[in-house]
Amino acid sequence: MAEDEPGDGAPRAQDGPYTGPRATDVTPEPDHGDDAGYITRTRFLSNAAIAGGGVLTAAIMVPVVGFAISSPLHSEDYRWVTIGPASEFLKNPPPYATPVPSTRIGEVTSLAVSGPDPDADRRAFVVYGLKDPAARPTPGQGEDPAAYEARFSVWASRLGADDFDLIAIWNRCAHLGCPVAYSPGSAGYVCPCHGGAYDGRGMVTGGPPPRPLDRLDIKIVDTGKTYTPEQIAKGEDRVPLAVAAGSSNPRLQVLVGKPYSIDQEQRPFPLAGPGQPVSGTLSHLYPFH
Ligand code: FES
């Protein structure tokens, strides 16, 4: 019989208290808590979470900060550009104030606007007309033409200088930037790329554009007078439209300047890029909507 077989009654080498290694005696892992160069799993996960949060924060903040910084910088790239004598743009009376032809929205002049920035080849439509085209009477159904003309004449006779304005509309589509064209038939602007449509003041009437056409600041000045930069900054060089409209003075010139965006209520906003809404809920979600 082998000596380690049970049943012989003799003490065995493995009997008695166990003195070998125990599970609780496992040698503890060295604590690297004070070792900044040692990457524990906890530290790795913490660092990864911090890095991920940083990336997300940057993704949100970089466009915001960039927009805040670039807008004022970008605006300095623009300067006032003289586009011609006021008498060229202020035809009197404006077509708005005459019943025929009924579809015209005002004098629309398409011209190249030179500038020092890459958009130097942009074009502008300069429109002289009613601030509120919807106020213009239209013939009622079955209305006698003579009665309509009489009604129109009464309305037109009440128009004052404050009812008209001179605006410069940039031809860059507010959807993705294609150049829009003026369509006399629709008395508005159409975009050849995706069917964007605007009325005569550049307000969206159809298609994907998220906001109206951008505008350029515009003013009429008397080039025979000089003004200090402070006076110009305050707008003291601007000749009122009502004064210029009734004048043939060749020194009165029209200038266009810094572009800006508007919303459908014609409220001004800093210039936005194509596709960017400037008001409403979508403007807060851009570019994530
Ligand atoms: S770029 Fe004008 S509708 Fe798309």
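Two strands pair if DSSP finds at least two bridges between them. Strands here, like helices, are DSSP runs numbered from the N terminus (E, at least two residues, for strands; H or I, at least four, for helices). In that sense Val-190 stands opposite Ala-197 in β7. This is a predicted model, in which local features need pLDDT of at least 70, side-chain atom pairs count only at pLDDT 80 or more, and totals for chains, interfaces and linings use all residues. Residues are numbered from 1 along each chain as its sequence is written, and side-chain values use heavy atoms, with hydrogens and water left out.

**Confidence**
- Mean pLDDT (the predictor's confidence in each residue, from 0 to 100) is 76 for the protein, and 67% of its residues reach 70 or more.
- Residues 69–76 stay under 50 in pLDDT and have five contacts (heavy atoms within 4.5 Å) beyond four places in sequence.
- Residues 114–120 are also below 50, with 14 contacts beyond near neighbours in sequence.
- Where pLDDT is low, the predicted coordinates should not be read in detail.

**Nonpolar cores**
- A nonpolar core is a set of buried Ala, Val, Leu, Ile, Met, Phe, Trp, Tyr and Cys residues joined through side-chain atoms within 4.5 Å; buried means under 20% relative accessible area, exposed over 50%, and partly exposed in between (1.4 Å probe, protein chains only).
- The largest core has 27 residues, and Leu-90, Leu-166, Ile-220 and Val-254 have the most contacts inside it.
- Elements giving two or more residues to this core include β4 (164–170), β9 (215–222) and β10 (252–262).
- Another core, of twelve residues, lies apart from it and includes Phe-125, Cys-178, Tyr-189 and Tyr-198.

**Lys-219**
- Lys-219 is in strand β9 and counts as buried, at 6% relative accessibility.
- The Lys-219 side chain makes a polar contact with the side chain of Asp-237 (2.7 Å); such a contact is a pair of N or O atoms within 3.5 Å, where within protein one must be able to donate a hydrogen and the other to accept it, and residues adjacent in sequence count only if both atoms are side-chain atoms.

**Sheet and disulfide**
- Strands in the order β5-β6-β7-β8 form an open sheet of four with antiparallel pairing.
- β5 (181–183) and β8 (204–206) are the edges, each with a single partner strand, so one side of each lacks a neighbour in the sheet.
- Cys-178 and Cys-193 form a disulfide (sulfur atoms within 2.5 Å), with their sulfurs 1.9 Å apart.
- Cys-178 lies in the loop between β4 and β5 and Cys-193 in the loop between β6 and β7, so the pair ties together parts 15 residues apart in sequence.
- Cys-178 is buried at 17%, whereas Cys-193 is partly exposed at 37%.
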